[in-house]
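Please open the model in your viewer and keep the sequence panel beside it. The tour below moves from one selection to the next.

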Amino acid sequence: MEQHHQWVAFQVRLGVLAHRWWEGGRSDGQLLRADELAVAEAWRRRTPREQDFNAGLTERQQRFLGDSRGFVRRRALLVRSALAAGTAAIVGLSVLIAAGQADAEAQYRAALSRKLVAMAEEVSRTGGEPERALQYVLAARGQADTAEARNAIADQLANLNRVRSVVAPRDTFVNELVLSRKGDILLIDRGGTTEVWDVKRARSRGVVRGSLLYSLGGSERTLSADGRTVALLSDDATRIDLVDTTTLRVKDSVSATEAGVPTGQFETGGGLSPDGERLVATEFPGATNDFLNLVWDVRRHRVVGEFACIAPTVAPSGQQAVCADNTRGQLVDLTNPQAVQDLEPDVGFTGFTAEGGMVVAVAEETRVYEPGATRPWVPAPGMAVVSRQADPSIVAGRYAVLADAGKTSFELWDLQDRRRLGSARSIEAAVVLRRGEGAPDIEPGGSAHESTSDGSAGSETYSADGSIGAMAAADGSVVIWDKEGSGRSSTRLPVPAKEGTYAVGPDARTVAVASGRTVSVWDTSTGERTGNIRLGADGTAPAISRDGSLVAVAEGFLKGENELWVRVEVFRVRDGRRVARFETASDSKNLVGALIFSPDGKELYAALTGRQMVVAWNVADPGKRPRTVARTDGYADHAALSPDGSKLASISRDGGVDLWDVASGTHVLAFGQAARVTFSPDGKTLAVTDYATRSVSLWNWETGERIGSGIVPRAGAFDVAFSHDGRRLAITGSPAGGLARRLPVTLWDLSSRRQVGPQLATLDARSALGFTPDGADLVAAGPYGTYVVHIAADTSGSSLCDIVTRRLSASEWQAIAPGERFRWPC
């Protein structure tokens, strides 16, 4: 391999010399001297002969060597001078070869980096090996700082935005996962062994022999409430060990023989009380096929009771258990197992919530009895909890899928918080909703307890407060993520995702949402709502003043049966007080295409669609007659104002773009076809999006000339925003004639006309974009959520280093790049 690199370096430098000779008129002065020729001939003879080595000298290089041979023969009589010149040339050629070797090495490492990125993309396409994809991307960054490696890191950060860790697989599938109530301990049952993972420190505490106890209610009851004790069934099922999750030492052991189990073995069912002092263990059935359950007192180390039951579900309190089969349901008092209470015949037991609420089904309707309550609450009238094959009906004591009798409508509920999280058309789609916004896009792995015909099931677990989730991937790795809060590449703000129209302030510190008869205003730096304004009619086209103190909105309402009136109101954000109201003419087509504040906030510009004009209102004197700034040939659908407020661009319904002088109302320029137009921060350039070409073009409005080539995103272009330094554009994809709703947002570098990184967000045509002044963040607001996207996210790989828990092994690396040194960036 090293010989190949050195020969390629020789060929590169020889090619440079041959090129200079040829382009310089093929003069003798640029031919090789005798000793240079000897070095070159030696390298030529050492051309590698392997079948997979396809390089060789070009015709021009061979001509260069041939003419150099003739030149050396002609100068044979000048031996002394030739030797002197040859010595100097050898030194020069050696320097060239050394430089060529360094160049060749850099090129090889860059090629290897791109190869690793391609391997990562192939693995990511299936989603089943998140750890492997991470390893390949980091290895690519370690080999060379290529654009492909940086983009791959950005892609991984976007997918693993809220991921804490990816726990390495151990060559076996994941049987079951359990998170402690606090979410600080994760138990990974791999079928015979259980790994104890410290979630906060992102490291393994070790692996112990044994499997988690499991019942139809899940495996949450196998761990004490404080997360310090776990009950594990031994490989041969002859005992249950209570293991300390900190020291991994066995604190107590329940032997089937000692407990008097006739078959000498336990079943996987049962559970541990929250305080870790009481254990329910299910005997393995004998010839009579009876399932007997023992109640073991841990402190006194003995059996204190027993009861017959198939698959008991231990309540979160540890004081009770429910036995439910096809014929009856019973409630067992674990402090006195002989005290058994029969459930009503028409009551079907479903499970327990994390706080001990009993969930039952009556006449195909789910009801929840909270502890101490005599009357239940009903999540969704006429709907009952459903689950996939062998999937717990209630996951983590809070998440349940409810369906109507015909199984045509499915809803995901958080029974702990008593709220509906979403609806879906299938149970699988409803299950995915419980993973939340922060869930990574990976292929889940199946488990022994969870399997469905479509293979979509995977072992999942959540902390009691629902803030942390963990899911097993198809490769046996486990991904742990935060369901809420900020992420590595973006942060979702608590702005309600509603149907409506959105605005982002000029400095991206404020977002306004007009939905129905309400306008809400939000601070993007804190995520707090700073204003909530009630309107007299449905609002649209919100606008925010430069200092964020004022918000304007258009309201449309009917007078009589068919008469549409539109008015525009301006409100002070801090107290919701109206400071101005402007009336427009009554016209069924007199809508407002856009509202824009002047830089000083003293004027408000409005594109009045039906009146085919853009007017300026005086905010301090609403009664003053509006000033006409622009007139369009057709409906005035859109307008944009330059940063200094001196120029205004208008777009008519036919797509024509016109530029106007704001002070005089003089028409300056007409050009192009556009859907949207935006001024650059210095006001000298217009970015125009074109429906027909699905592209963005840049124009110098002073000369009317187009600047450089256009930008053609894969998803087209509808809206655009400049970064404050004018070097980048955020582009929203085209709605393709109104057919597409979910439009991707991508970032583009203007100097190279290339996309930077992966897709940043998803918006629609009524959404809004804006960069923060430092260019580090992009605010994207729309009905699919409002996000602060960290576009200056680290591309060195250090953030990914915090996620991955294992590097590629020596053997894995040698299989990729034999003989090459492994460079790991973490």
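Which residue is the bridge partner of Leu402 in strand 23? Select Glu411, which is that partner; strands here are DSSP runs (E, at least two residues), as helices are (H or I, at least four), numbered from the N terminus. This is a predicted model, in which local features need pLDDT of at least 70 and side-chain atom pairs count only at pLDDT 80 or more, whereas totals for chains, interfaces and linings use all residues. Residues are numbered from 1 along each chain as its sequence is written, and side-chain values use heavy atoms, with hydrogens and water left out.

Next, select Cys309 and Cys323, which a disulfide joins at an S to S distance of 2.0 Å (a disulfide being a pair of cysteine sulfur atoms within 2.5 Å). The torsion about their S-S bond is about -125°, so this disulfide is left-handed.

Finally, go to Cys801 and Cys826, joined by a disulfide with S to S 1.9 Å. Cys801 counts as buried at 19% relative accessibility, whereas Cys826, at 43%, counts as partly exposed; buried means under 20% relative accessible area, exposed over 50%, and partly exposed in between (1.4 Å probe, protein chains only).

Technical notes. Two strands pair if DSSP finds at least two bridges between them.
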